[in-house]
Amino acid sequence: MTKKKIIIAIDGHSSCGKSTLAKSLARELGYIYIDSGAMYRVVTLYALRKGWIKNGQLDRERVIKGMKDIKITFQWDEKTEKNTTFLNGENVEDEIRQLEVSQNVSPISTISEVRHELVKQQRENSKNKGIVMDGRDIGTVVFPDAELKIFMTASPEIRAQRRFLELKEKGLEVDFAEILKNVEDRDSIDSGREVSPLRKADDAIVLDNSNLTREQQLQWSLERAKEKMEEENES
């Protein structure tokens, strides 16, 4: 019997490694990873191609009207073993990572109409299930009916320490106290914002990874996913 596929929603605080876990989980299960950041990059690329962004100035109205002509999909590439992003059927995975896109994506991500349309497309991508997605409102807003919801957390000190070491490894001079304050401020902003605040879904399973390695987190998540798949097969 073919195993039924499920939707896996991963939410949680900043610097918890949500994307790392989501991508690893998708790879292990042969699922599609829906990269919300990539989706905003696709819209940015489309806007740049159309000339709706010039000298850093964005024509919001044209972007909003143009959303109807943008279809974003994801596929797993067996050769590269990576998730690949498509714009209207065109592979744009490499192009959306270019500097010009990175420099212009922030204004695009603030447009509420763009976000609304992308949530619709995220749901469209999930029709056949077999997807993993991470963020801050995936289990509460985007996929409230996801079969498996994981809420990742760790103490602010642990998360700040991880960020501190990551930046030090890049050769940057950083202050731990400043990073800790940034983590705590980010938590406050994420939890207190009016639109889609960060909160744990009632049916989410908490993964406190303060003292877990990446491999331990992945194994724990795979076990939870397999349990949910078995439940779906039995129902």
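Trainee: Which residues touch the most other members of the largest nonpolar core?

Mentor: In this predicted model, the largest nonpolar core has 35 residues, and Val43, Val114 and Phe143 are the ones that touch the most other members. Residues are numbered from 1 along each chain as its sequence is written, and local features need pLDDT of at least 70, while side-chain atom pairs count only at pLDDT 80 or more.

Trainee: What makes a set of residues a nonpolar core?

Mentor: Its members are buried Ala, Val, Leu, Ile, Met, Phe, Trp, Tyr and Cys residues joined through side-chain atoms within 4.5 Å, where buried means under 20% relative accessible area with a 1.4 Å probe, protein chains only. The largest share of this core, nine residues, comes from helix H2. A second, separate core of 21 residues includes Cys16, Leu25, Met152 and Met229.

Trainee: Which residues is Phe143 in contact with, leaving aside its neighbours within four places in sequence?

Mentor: Contact requires heavy atoms within 4.5 Å, and among the partners of Phe143 are Ile7, Ile34, Ile131 and Met133.

Trainee: Why is one side of S2 and of S10 left without a neighbour in the sheet?

Mentor: Five strands form an open sheet in the order S2-S8-S1-S9-S10, with parallel pairing. Strand S2 (32-34) and strand S10 (205-208) stand at the edges with a single partner strand each, so one side of each has no neighbour in the sheet. Strands here are DSSP runs of E with at least two residues, and helices are runs of H or I with at least four, numbered from the N terminus.

Trainee: How do you know that the span of H1 agrees with its twelve residues?

Mentor: The expected span is 1.5 Å times one less than the number of residues; for H1 that gives 16 Å, and because its end C-alpha atoms are 16 Å apart, the two agree.

Conventions. Side-chain values use heavy atoms; hydrogens and water are left out. Two strands pair if DSSP finds at least two bridges between them. Buried means under 20% relative accessible area, exposed over 50%, partly exposed in between (1.4 Å probe, protein chains only).
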